[in-house]
Amino acid sequence: HSTRLITGAAVVLTLAACGDLSIQQEDELGDQYAAAIQRELSLVSDTVVTGFVTRMARRITRVADDAQRDWHFYVVNDTLVNAFAVPGGHVFVYRGLIGQARDYAELAGVVGHEIAHVTLRHSVDQMKSRQKTNVIVTVVCAFIDLCGSSAAQIAIGVGGQALFARHSREDESEADSAAVDYLARAGIDPNGVAAMFRRMLNARQESPSVLQAWFGSHPAEEDRIERTEVLAARQAASAPTASGGLGDPGRAGAEGADQASFTAFRERVLALPR
């Protein structure tokens with residue numbers, strides 16, 4: 001316990017004191033914060049489910065991450081509709097969000113968006129912009145168990161409202177654009193980004209409480225959706241015909257295989273015990 005206290009405090013103080021964080025420091029911070037989150041959340045242990053998400057995500061990180069981070073992907077066993085990422089390459093996707101998706105590209109759009117928050121270092125930049133005192137209190141509360149279980153859950157953001165889950169409109173827009181680019185370069189339909197956001201917007205009208213956590217950290221206005229649709233159309237218009245790219249004649253068959261595997265994966269997720 002004392003070791004965790006010293007290590008956690010050291011990382012936080014380093015963050016507070018330094019103007020810039022190296023990738024290694026970012027990874028260390030993310031690893032410890034992700035470990036704290038895992039202690040509070042119920043994670044799916046089904047290797048078929050976690051393996052599917054990991055393979056999809058690594059397909060995206062191969063084209064997205066020049067820093068070659070040590071990525072980790074988790075499925076949260078909660079029907080809440082949400083997803084978030086923390087520095088260093090830790091991405092958490094809720095089973096409730098998987099249930100909302102209807103095809104491979106839609107889920108990949110969300111995963112790509114969260115990956116972009118990491119590769120663009122939005123969470124680290126956001127932390128540096130906050131008051132140092134608030135950062136130290138919040139993060140140390142998460143690292144060590146001094147705040148009590150309910151307070152710790154609030155600090156960590158069990159409902160997806162984590163310190164690292166809230167981003168500015170500018171950050172969200174940048175992550176949208178990057179996700180469209182990532183999906184296109186990974187040979188995945190980039191329209192999935194806008195399609196998933198539009199699906200969530202429509203679902204909110206029917207069940208606003210179910211989507212509360214998602215829209216609390218991912219504001220999805222109509223103009224934001226339209227902008228990603230335009231970006232995806234531009235990607236399609238300029239796509240090369242190289243094997244695996246958007247212009248590849250054999251891509252339809254690959255998409256069919258993706259969709260078949262996604263359908264089986266989604267059914268398995270929906271059947272998981274709660």
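Guide: A salt bridge here is a side-chain nitrogen of Lys or Arg within 4 Å of a carboxyl oxygen of Asp or Glu. Please keep in mind that this is a predicted model.

Visitor: OK, how many salt bridges does the structure hold?
Guide: The structure holds 10 salt bridges. One of them joins glutamate 26 and arginine 69, whose closest N and O atoms are 3.6 Å apart. This pair links distant parts of the chain, since glutamate 26 sits in helix H2 and arginine 69 in the loop between H3 and strand S1, 43 residues apart.

Visitor: And are glutamate 26 and arginine 69 buried or exposed?
Guide: Both glutamate 26 and arginine 69 are buried.

Visitor: What about arginine 224, which side chain does it meet in a salt bridge?
Guide: The side chain of arginine 224 meets that of glutamate 172, at 2.8 Å from N to O. Arginine 224 belongs to helix H12 (residues 222-237) and glutamate 172 to helix H9 (residues 169-185), so the pair ties together parts that are 52 residues apart in sequence. Arginine 224 has a relative accessibility of 8% and therefore counts as buried, and glutamate 172 is buried too, with a relative accessible area of 2%.

Visitor: Where else does arginine 224 lie?
Guide: Arginine 224 lies over the face of phenylalanine 197, at 4.7 Å from the ring centre.

Visitor: Back to helix H9, how many residues apart are aspartate 181 and arginine 185?
Guide: They are 4 residues apart, which is about one turn of helix H9, and they form a salt bridge whose closest N and O atoms are 3.1 Å apart. Aspartate 181 counts as partly exposed at 25% relative accessibility, and arginine 185 counts as partly exposed at 46%.

Visitor: Switching topic, how many aromatic pairs are there?
Guide: The structure holds 8 aromatic pairs. In one of these, the rings of phenylalanine 52 and phenylalanine 265 have their centres 4.1 Å apart and their planes at 15°, so the pair is stacked. Phenylalanine 52 is in helix H3 and phenylalanine 265 in helix H13, so this pair ties together parts that are 213 residues apart in sequence. Both phenylalanine 52 and phenylalanine 265 are buried.

Visitor: Why is the pair of phenylalanine 84 and tyrosine 94 called tilted?
Guide: The planes of phenylalanine 84 and tyrosine 94 stand at 50°, with the ring centres 6.4 Å apart, so the pair is tilted. Phenylalanine 84 lies in strand S2 and tyrosine 94 in strand S3, and both are buried.

Notes:
Residues are numbered from 1 along each chain as its sequence is written. This is a predicted model: local features need pLDDT of at least 70, side-chain atom pairs count only at pLDDT 80 or more; totals for chains, interfaces and linings use all residues. Side-chain values use heavy atoms; hydrogens and water are left out. Rings of Phe, Tyr and Trp (its six-membered ring) pair if their centres lie within 6.5 Å; planes under 30 degrees apart count as stacked, over 60 as edge-to-face and the rest as tilted. Helices (H or I, at least four residues) and strands (E, at least two) are DSSP runs, numbered from the N terminus. Buried means under 20% relative accessible area, exposed over 50%, partly exposed in between (1.4 Å probe, protein chains only). A charge sits over a ring if NZ of Lys or CZ of Arg is within 6 Å of the ring centre and within 35 degrees of the ring normal.
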